[in-house]
Amino acid sequence: MGNWERLVWNQRDVLLQGLLVTIEICAIAFAVAIVMGLGLALIRLYVRPLRWIAGFWIEYCRATPIFVQLMWVNYVWPELIGWPTSFYTAGWVALALQSSGYLAETFRAGIENIGRGQREAAAAVGMSPILAFRRIVLPQVLVMIAPTIVTQFTVIVKSSTLVSVITVQDLMFQSQRLVNVWYEPIEILTATAALYILFIFAVSALGKALADRLRLRYGLGT
Amino acid sequence: MFSQNLREMLDLALFWEYRQILLAGLAFNFYVFAVSAVVAVSLGFLAALGRVNPLRPLRWLGAIHVETFRNAPDYVMLVWVHFVLPLLLSQMLGQRITFAPFVSAVIALGLVYSGYLAETFRTGIQAVPKGQIEAARACGMGGALIMRRIILPQAVRMMLPEAMNNFVSLFKATTIVSLITVPDLMYRVSMVTQQEMRPLPLYTGAAITYFLLIWGVAALARAGSERWRRKIWA
């Protein structure tokens, strides 16, 4: 038990700091992914000339492994377009890209699921298409796909462990640095793994409960 | 500036020049995938059997297995299996044990994806109507026979699309084994990059290769499993 205290409990500040960076980068990536996913879905559905580009982009994001994408964004983008300029940015950009592809498809399925009649009714009472989308379609879609969005957030958290490879100082990075200082991986890495598992378990349980309540409240009960 | 960079990015001659080394790396992705898929399917099936078992302790065991490995990030699991598990085994057995990177990769990915697959299997198994199982029991079939003749043939068809998704994810996950020095495609790309100092065409080539491969396989798998399902049901 002495080892646990020395290597894990006494290092809790470092580990928690790492966890904070993990949460932060995941939150940024998640927010960007939702906006991008919705944008891509709308383009794919309604902007005819750009439909193919959006479709290709979605397929590319979905079918490329996150690690490959991370390396691609990190090494290729700066030379190609001069951005992102920091590892941190490259990290969340790659995470957001990956998830935006999945979310775009989720949004699209959700939007297509809303009956045409509702949009026509909205038009009949004088709503503009944009207002109808904002007031009628989007809220229903969000409630419908809430569970998938939660799952996608846990995917981001899992993938975020890879940003430590490009020296973003997340939980994984900090724990590996501690291992390199102490040369005693057992306690540190086990604690890190447990922390990640518990964190992701908690996020998905909490998210699922929230999503279920939302759906129940709006009559889409599971 | 931009167009010049773009040309360099799409100039895959360098990628092509190293094709033999890189292809040999891609083969490693397939080895890791194949072996860990076998591990994941076997463990996942056992865990799923545990989760639908009438015995409460077995159900708990199955649930713990699923929740642990499904919620573990691939990379964390990979590092843990490679650096911690051999030490724990050494302490237990009293002799020094180390894992080859390939072995660690297979164990880690096998464990993680057994969690996802167990849930897929369980959903398939539980989708078979209870009445059929009761009817089989009434005819005097035993548990193993019911599983083999009644449940599995239907469950496999039902869970096939989701299992295909799991396998595609598993193949994607094999790209991270380069981080524990399994010489897969990504590993070799980073080696060549260090020599050539030209990451642009190399990483772009890797991204395109993986994209075409995974996209193609995913599309094929989707079409194949759909057709097979339709053929059986109709």
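How are H3(B) and H10(B) oriented to each other? Their axes come within 7 Å and cross at roughly 150 degrees, so the two helices are roughly antiparallel. Axes here are lines fitted to C-alpha atoms, for helices over the stretch in contact, with angles running from 0 to 180 degrees between N-to-C directions; angles over 145 degrees count as roughly antiparallel. Helices are DSSP runs (H or I, at least four residues), numbered from the N terminus.

This is a predicted model, in which local features need pLDDT of at least 70, side-chain atom pairs count only at pLDDT 80 or more, and totals for chains, interfaces and linings use all residues. Residues are numbered from 1 along each chain as its sequence is written, while chains are lettered from A and ligands numbered from 1 in the order in which they are written.

Here is who meets whom, with contact taken as C-beta atoms, placed from the backbone, within 7 Å.

| Helix | Residues in the contact |
|---|---|
| H3(B), residues 19-51 | Ile21(B), Leu22(B), Gly25(B), Leu26(B), Asn29(B) |
| H10(B), residues 185-196 | Leu185(B), Tyr187(B), Arg188(B), Val189(B) |

Now to the two chains: 34 residues of chain B are in contact with 30 residues of chain A. On the chain B side, H11(B) provides the largest share, 11 residues. By class, that side has 26 nonpolar, five polar and three charged residues. Ala, Val, Leu, Ile, Met, Phe, Trp, Tyr, Cys and Pro count as nonpolar, Asp, Glu, Lys and Arg as charged, and the others, Gly among them, as polar.

Finally, Leu78(B) is in contact with residues including Ser104(B), Ala108(B) and Ile180(B), leaving aside its neighbours within four places in sequence.

Technical notes:
Parallel < 35°, antiparallel > 145°, perpendicular 65-115°, else oblique.
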